[in-house]
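Colleague: Could you take me on a close look at the aromatic rings in this protein, and at how they sit with one another? I would be glad of a connected account that I can follow with the model open beside me.

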Amino acid sequence: MTVESTAERGTPRRATATAAQKTATRKTATKKAGTEKAPGKTAAKKPTARKSTAKKAAAGKATAKRTSAAKKAPGKTAARRGPAADRPAMVQLLTPEGERVDHPDYTLDIGADELRGLYRDMVLTRRFDAEATSLQRQGELGLWPSLLGQEAAQIGSGRALHPGDYVFPTYREHGVAWCRGVDPTLLLGMFRGVNHGGWDPNSNNFHLYTIVIGSQTLHAAGYAMGVAKDGGDSAVIAYFGDGASSQGDVAEAFTFSAVYNAPIVFFCQNNQWAISEPTERQTRVPLYQRAAGYGFPGVRVDGNDVLAVLAVTRAAVERARSGQGPMLVEAFTYRMGAHTTSDDPTRYRPDDELAQWEAKDPILRLRRHLDATGAADEAFYAAVEEESDALGRRVRETIRTMPDPDSMAIFEHVYADGHALVDEERAQYAAYLASFEQEEN
């Protein structure tokens, strides 16, 4: 019994009680009129009015009691109100304590060398990210979106791809860029304001960063449709966040990819916060379940488990390559830093939540596994730390020696052919810049 249905039944009952009261009142009034001639009977009729009022009060109490009981028993109404009712299944191969566990649908045969490689990838990616954040604080970058806490989701998925697969990132996929062989320093140019991207997308099959939220999923869907029409055997992967999943572009990308059976993997990094908006205020069902409405499968994976992400993404891209169409992977992870360096997460995020997720740190998790299995020793960790320090020095040196762009370049490529207004504006701006040189001389 739902609260709504109880309330609906309660309304007529109150109306009936009111009607009975009115009837009793009319009868009392009629009899009272009669008692004006026979006053002795008036006192005898007063309990009738009190009895009718008592019935009304009893009916009201009964209705209130049923309504209160319905509120305490959530029933179907509460079950429809959000994903927290039942915790959805999540693929996990490595516990936060570093213990390997099995999963019936996703297996992973991995050796010690590959395990150490994944650890190295995550450590170096985190170091690069930390250096970029520091550089922004020092005024060397205009903005920086940190990936702190999402290393496993990015390294695991990035290492699952083939060289011929094509990646469409957002603006936070620094770990995926690392896996695709993009020099980390090239990622900094756009955030320093010296270029529009900094690398050739076709060199590594890694598209330029996309600042517009969710639009890259449509680009990826179109590219994947083209791959299918060309008879290619590669896969496409599109990265986006939980906040972007609310964008119409993502819904359209799902629709086109499903209808055309495009070889694409939609990889959603659910880091729990779309800037200051938590996931539970964006959706009433777990994000991966949205795929079913479009006609393709979805799966939730522990995004802080690099092994599980690797296994799930490998299966998803292989499914796409084999012509089975799109798939949605929701990497359930956490953004331990700010949304960007212009954000202050302490204003909306509780400290205890951050502490809970710090205990699930993806790098610490893999290190515990390496230590427990003897797959790495102190010499390995020291070598990774030394490489990390060298990367930090290179990033700092590169950003501080990065040349400024040509000031007149903003007028290039505005139109395919010449344009009188652009030519006029170019001349005016050139004269403006020249005026500073004249003042110095």
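Modeller: Happy to! Two rings of Phe, Tyr or Trp count as a pair if their centres lie within 6.5 Å, with the six-membered ring used for Trp. This is a predicted model, and by that rule it holds 26 aromatic pairs. Take Trp199 and Phe206 as a worked case: their ring centres are 5.9 Å apart and their planes meet at 35 degrees, so this pair is tilted. The step behind that label is simple, because planes under 30 degrees apart would count as stacked and planes over 60 as edge-to-face. Trp199 and Phe206 are also both buried.

Now widen the view from that pair. Ring pairs join Trp199 and Phe206 with Phe128, Trp144, Phe191 and Tyr209 in a cluster.

Lys360 lies over the face of Trp357, 4.3 Å from the ring centre. Arg367 lies over the face of Tyr381, and here the distance to the ring centre is 3.6 Å.

Aromatic residues turn up in one more place, the lining of a cavity. The model has one cavity of 30 Å³ or more, and the volume of the largest cavity is about 40 Å³. Phe240 and Phe254 are among the residues that line the largest cavity, along with Ser245, Val250, Cys268, Leu287, Arg290 and Leu328. Sorted by class, that lining has six nonpolar residues, one polar and one charged.

Terms used
Residues numbered from 1 in each chain as written. Predicted model: local features only at pLDDT ≥ 70, side-chain atom pairs only at ≥ 80, totals over all residues. Heavy atoms only, no water. Buried < 20%, exposed > 50% of the residue type's maximum accessible area, 1.4 Å probe, protein only. Lys NZ or Arg CZ within 6 Å of the ring centre and 35° of its normal. 1 Å grid on protein atoms, 1.4 Å probe; cavity = no way out; pocket = protein on both sides within 12 Å on 5 of 7 lines; lining within 4 Å. Points joined across faces, edges and corners; volume = space filled by probe spheres on them. Nonpolar A, V, L, I, M, F, W, Y, C, P; charged D, E, K, R; others polar.
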